Amino acid sequence: MPAPKKALRRSLTVTSAALTALAVLSPAALAAPDPSTSPTPTPPASMSTKGGARLGKPGTQVDLAGGAPVLPKDVTARSWIVADAESGDVLAAHNAHWRLAPASTLKMLFADTLLPKWPKTTQHKVAVSDLAGIGAGSSLVGVKEEETYSVHDLWLGVFLRSGNDAVHVLSAMNGGVDKTVADMNEHAEELQALDTNVVSPDGYDAPHQVSSAYDLTLFARSGLQKKDFREYASTVRAKFPGQTEKDKKGRTTRKPFEIQNTNRLLSGDSDMDVYPGIAGVKNGNTTNAGATFTGVAERNGKVLLVTVMNPAKDEHNEVYKETARLFDWGFAAAGKTRPVGELVRPMSAAQASPAPDASGEAGGTGSGAAGTEPVAGATASEDGGGVGVAAGIAAGVLALLAGGAYLVNRRWPLPDLVRRRTRP
């Protein structure tokens with residue numbers, strides 16, 4: 001296809017997705033300043049009170065009891081939240097419902113929406129049209145036209161490399177970008193993530209594409225109910241299929257290449273170690289969103305979720321450093337704070353009589369393919385830079401239903417969650 005026509009088709013695809021999302025916005029919302037492109041320096045005076053009245057107030061919300069440590073002073077993010085992943089209690093929050101550009105943390109909603117669609121062994125040959133509409137400067141895993149990939153390969157590309165190319169291929173398999181955006185918005189509503197408006201399924205900057213620290217935490221909590229989601233989110237490195245090549249004798253080869261998770265609390269970096277107990281979830285970074293991150297970690301049987309959006313401090317890996325400080329505070333403060341709110345359950349949860357199927361694999365069948373290295377059972381490597389940390393998987397379900405209809409004390413257990421420990 002000539003370059004001008006190809007560019008035009010990509011532009012039309014993005015425009016169509018944007019118009020689909022804008023159609024659901026009220027006239028008042030369209031007239032208001034767009035926080036996805038020009039966020040104000042301060043949060044709005046009135047925000048959603050979903051999960052509790054205090055979560056709708058601007059500024060920091062915390063209720064310290066006797067002996068509780070004070071919050072870290074060097075957290076500069078516009079918005080953040082610390083929550084108990086299982087009980088749903090919000091231990092502390094800062095502008096939790098501020099609607100901001102989410103960047104690739106929105107891929108948590110994408111994965112939670114689409115993971116159940118196909119078995120991971122499903123094969124798909126990539127058409128040229130599958131890769132249309134990918135934003136300039138997008139993060140890519142290296143998907144190639146006319147090559148065949150398994151769904152497992154594509155999800156590794158989404159979680160480890162935040163590959164917008166993998167997102168667009170999966171969206172094409174789902175009926176296209178427009179349908180996927182509609183599915184994601186519908187699922188966000190089911191999760192009661194009402195701060196969120198999806199325009200592009202990969203989280204790439206787009207007008208009126210917003211979410212909040214509160215909603216991103218809901219997406220992570222919902223996704224972590226799925227075994228495949230937990231495994232992909234905790235995978236440090238994996239092999240991804242390369243491009244098919246022919247040698248001089250006409251024989252074809254397709255060598256895989258290694259991809260590594262860009263979540264620096266999970267993989268480590270030159271200026272930071274792997275965070276003890278980390279087990280995912282998803283990072284993001286765009287021009288409008290700045291750096292965003294949602295993480296889950298376990299310590300002494302306590303599982304916490306922390307979301308951080310757009311730190312003001314401009315230092316390398318700052319979003320991970322601020323997340324680590326909030327994790328440290330949350331584990332130290334566990335049992336010494338009174339909740340300032342809660343993570344609400346999905347709209348249908350109270351009506352469902354069986355417990356959520358947290359042990360089954362998304363898509364129903366298939367097992368991890370060779371070449372993946374999740375943190376569970378990972379072995380150390382000489383040049384891993386801290387990524388080779390031994391880990392175990394906690395067996396069994398932590399709690400089930402009470403009375404057949406409601407979870408005990410709102411608990412939404414995370415069975416089989418990867419629980420990390422230092423290498424002996």
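Visitor: What volume does the largest pocket have?
Guide: The largest pocket has a volume of about 600 Å³. Keep in mind that this is a predicted model.

Visitor: Which residues are closest to its centre?
Guide: Gly284, Asn285, Thr286, Gly290 and Ala291. They belong to a lining of 30 residues.

Visitor: How does the lining split by class, nonpolar, polar and charged?
Guide: Six residues are nonpolar, 15 are polar and nine are charged.

Visitor: Let's stay with the strands. How do β10 and β11 run, and how many bridges join them?
Guide: They run antiparallel, and seven bridges join them. β10 covers residues 278-286, and β11 covers residues 290-299.

Visitor: What links the two?
Guide: A hairpin, through three residues.

Visitor: Which residue is the bridge partner of lysine 282?
Guide: Threonine 294, in β11.

Visitor: What about β11 and β12, how many bridges there?
Guide: Eight, again in the antiparallel sense. β12 is residues 302-311. One of the bridge pairs is alanine 297 with leucine 304 of β12.

Visitor: How many residues sit between β11 and β12 in their hairpin?
Guide: Two. Asparagine 300 is in that turn, and its phi is positive, about 50°.

Visitor: Is β11 mostly covered or mostly open?
Guide: Mostly covered. Nine of its 10 residues are buried.

Visitor: Now lysine 302. Where is it?
Guide: Lysine 302 is in strand β12.

Visitor: Why does lysine 302 count as partly exposed?
Guide: Because its relative accessible area is 29%. Buried needs under 20%, and exposed needs over 50%, so lysine 302 falls in between.

Visitor: How are lysine 302 and phenylalanine 331 placed, by C-alpha atoms?
Guide: Their C-alpha atoms are separated by 7.4 Å. Along the chain they are 29 residues apart.

Visitor: Change of topic. How many residues of helix α3 are buried?
Guide: Eight of its eight residues. The helix spans residues 107-114. Lys107 and Asp112 are among the buried residues, as are Met108 and Phe110.

Visitor: What does serine 171 touch?
Guide: Phe110, for one, a residue of α3. Serine 171 also touches Gly176, Val177, Thr180 and Pro201. Residues up to four places away in sequence are not counted.

Visitor: Which helix holds serine 171?
Guide: Helix α5, residues 164-173.

Visitor: Why is serine 171 counted as buried?
Guide: Because its relative accessibility is 0%, and buried means under 20%.

Visitor: Zoom out. How many helices and strands does the protein have?
Guide: The protein has 10 helices and 18 strands.

Visitor: What share of the residues is buried?
Guide: 53% of the 424 residues.

Visitor: And the accessible surface, what does it come to?
Guide: About 17500 Å². Carbon and sulfur atoms hold 54% of that surface.

Visitor: Last one. What share of contacts comes from residues 24 or more positions apart?
Guide: 71%, among contacts with a separation of 6 or more.

How values were computed. Residues are numbered from 1 along each chain as its sequence is written. This is a predicted model: local features need pLDDT of at least 70, side-chain atom pairs count only at pLDDT 80 or more; totals for chains, interfaces and linings use all residues. Side-chain values use heavy atoms; hydrogens and water are left out. Helices (H or I, at least four residues) and strands (E, at least two) are DSSP runs, numbered from the N terminus. Buried means under 20% relative accessible area, exposed over 50%, partly exposed in between (1.4 Å probe, protein chains only). Contact means heavy atoms within 4.5 Å. Accessible areas come from the Shrake-Rupley method with a 1.4 Å probe; for residues, only the protein chains shown count as cover. Two strands pair if DSSP finds at least two bridges between them. On a 1 Å grid over the protein atoms alone, a cavity is a set of points where a 1.4 Å probe fits but cannot get out, and a pocket is an open set with protein on both sides within 12 Å along at least five of seven lines; lining residues have an atom within 4 Å of a point. Grid points are joined across faces, edges and corners, and a volume is the space filled by probe spheres set on the points. Ala, Val, Leu, Ile, Met, Phe, Trp, Tyr, Cys and Pro count as nonpolar, Asp, Glu, Lys and Arg as charged, and the others, Gly among them, as polar.
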